[in-house]
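Trainee: I have the sequence and the coordinates open. Can we go through them together, one question at a time?

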Amino acid sequence: MTYHRLETIEGDRFYREAGDGEPIILLHCSSGSSGVWLPVIEHFGQGYRVLAPDLLGYGRSALWPRDAMLAPHAELGI
């Protein structure tokens with residue numbers, strides 16, 4: 001498993017990645033981080049490509065930008 005840093009204009013974002021194959025994306029709930037998925041990542045990383053981001057304001061990712069809209073799609077930049 002690898003912990004990646006992605007530099008963006010809004011600040012650094014982090015995510016965990018493991019395995020190869022069809023992708024699975026694991027999203028944590030509030031007050032969590034990608035770390036809550038470690039056992040699941042290890043299990044499914046043997047047959048799938050597993051991606052688990054630290055959402056903005058959680059884990060090691062940057063804080064939510066003060067002027068950013070609060071909406072379900074806001075982190076996607078659309």
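Trainee: Leaving aside neighbours within four places in sequence, which residues is Ser-33 in contact with?
Mentor: Keep in mind that this is a predicted model. Ser-33 lies in the loop between β3 and α1. Contact here means heavy atoms within 4.5 Å. Leaving aside its neighbours within four places in sequence, Ser-33 is in contact with His-28, Asp-54 and Gly-59.

Trainee: Is Ser-33 buried or exposed?
Mentor: The cut-off for buried is under 20% relative accessible area. Ser-33 has a value of 19%. By that cut-off, Ser-33 is buried.

Trainee: What is the relative accessible area of Ser-34?
Mentor: Ser-34 also lies in the loop between β3 and α1. Not counting residues up to four places away, Ser-34 touches Tyr-3, Arg-16, His-28, Ile-41, Ala-52, Pro-53 and Asp-54. Ser-34 is buried, and its relative accessible area is 0%.

Trainee: Ser-31 is found in the loop between β3 and α1. Is Ser-31 buried or exposed?
Mentor: Exposed requires over 50% relative accessible area. Ser-31 has 74%. That makes Ser-31 exposed.

Trainee: What order do the elements run in, from the N terminus on?
Mentor: Start with the count. The secondary structure comes to 1 helix and 4 strands. The helix is α1, residues 38-44. From the N terminus on, the order is β-β-β-α-β.

Trainee: How many bridges pair β1 with β2?
Mentor: β1 covers residues 2-6, and its pairing with β2 is antiparallel. Tyr-3 has Arg-16 in β2 as its bridge partner. Thr-2 stands opposite Glu-17 in β2. The number of bridges between β1 and β2 is 5.

Trainee: Which residue in the turn between β1 and β2 has a positive phi?
Mentor: β1 and β2 form a hairpin, with 6 residues between them. Phi of the residue you want is about 130 degrees. The residue is Gly-11.

Trainee: Why is β2 described as largely enclosed by the rest of the structure?
Mentor: Count its buried residues. β2 has 6 residues, and it is largely enclosed because the number of them that are buried is 5.

Trainee: What separates the C-alpha atoms of Gly-19 and Gly-45?
Mentor: Gly-19 has its place in the loop between β2 and β3. Gly-19 touches Gly-45, Tyr-48 and Arg-49, not counting residues up to four places away in sequence. Gly-19 and Gly-45 are 26 residues apart along the chain, yet their C-alpha atoms are separated by 4.2 Å.

Trainee: How is Gly-19 classed by its relative accessible area?
Mentor: Buried means under 20% and exposed means over 50%, with partly exposed in between. Gly-19 has 31%. Gly-19 is therefore partly exposed.

Trainee: Which element gives the most to the lining of the largest pocket?
Mentor: The largest pocket has a volume of about 250 Å³. β2 and β4 each supply at least two residues of its lining. With 4 residues, the element that gives the most is β4.

Trainee: How many residues in that lining are nonpolar?
Mentor: The largest pocket is lined by 12 residues, and Leu-6, Arg-13, Phe-14, Tyr-15 and Pro-53 lie nearest its centre. By class, the lining has 1 polar and 3 charged residues. The nonpolar residues number 8.

Trainee: Among contacts with a separation of 6 or more, what share comes from residues 24 or more positions apart?
Mentor: The C-alpha trace spans about 40 × 25 × 20 Å along its principal axes. Now turn to the contacts with a separation of 6 or more. Residues 24 or more positions apart account for 55%.

Key:
Residues are numbered from 1 along each chain as its sequence is written. This is a predicted model: local features need pLDDT of at least 70, side-chain atom pairs count only at pLDDT 80 or more; totals for chains, interfaces and linings use all residues. Side-chain values use heavy atoms; hydrogens and water are left out. On a 1 Å grid over the protein atoms alone, a cavity is a set of points where a 1.4 Å probe fits but cannot get out, and a pocket is an open set with protein on both sides within 12 Å along at least five of seven lines; lining residues have an atom within 4 Å of a point. Grid points are joined across faces, edges and corners, and a volume is the space filled by probe spheres set on the points. Ala, Val, Leu, Ile, Met, Phe, Trp, Tyr, Cys and Pro count as nonpolar, Asp, Glu, Lys and Arg as charged, and the others, Gly among them, as polar. Buried means under 20% relative accessible area, exposed over 50%, partly exposed in between (1.4 Å probe, protein chains only). Two strands pair if DSSP finds at least two bridges between them.
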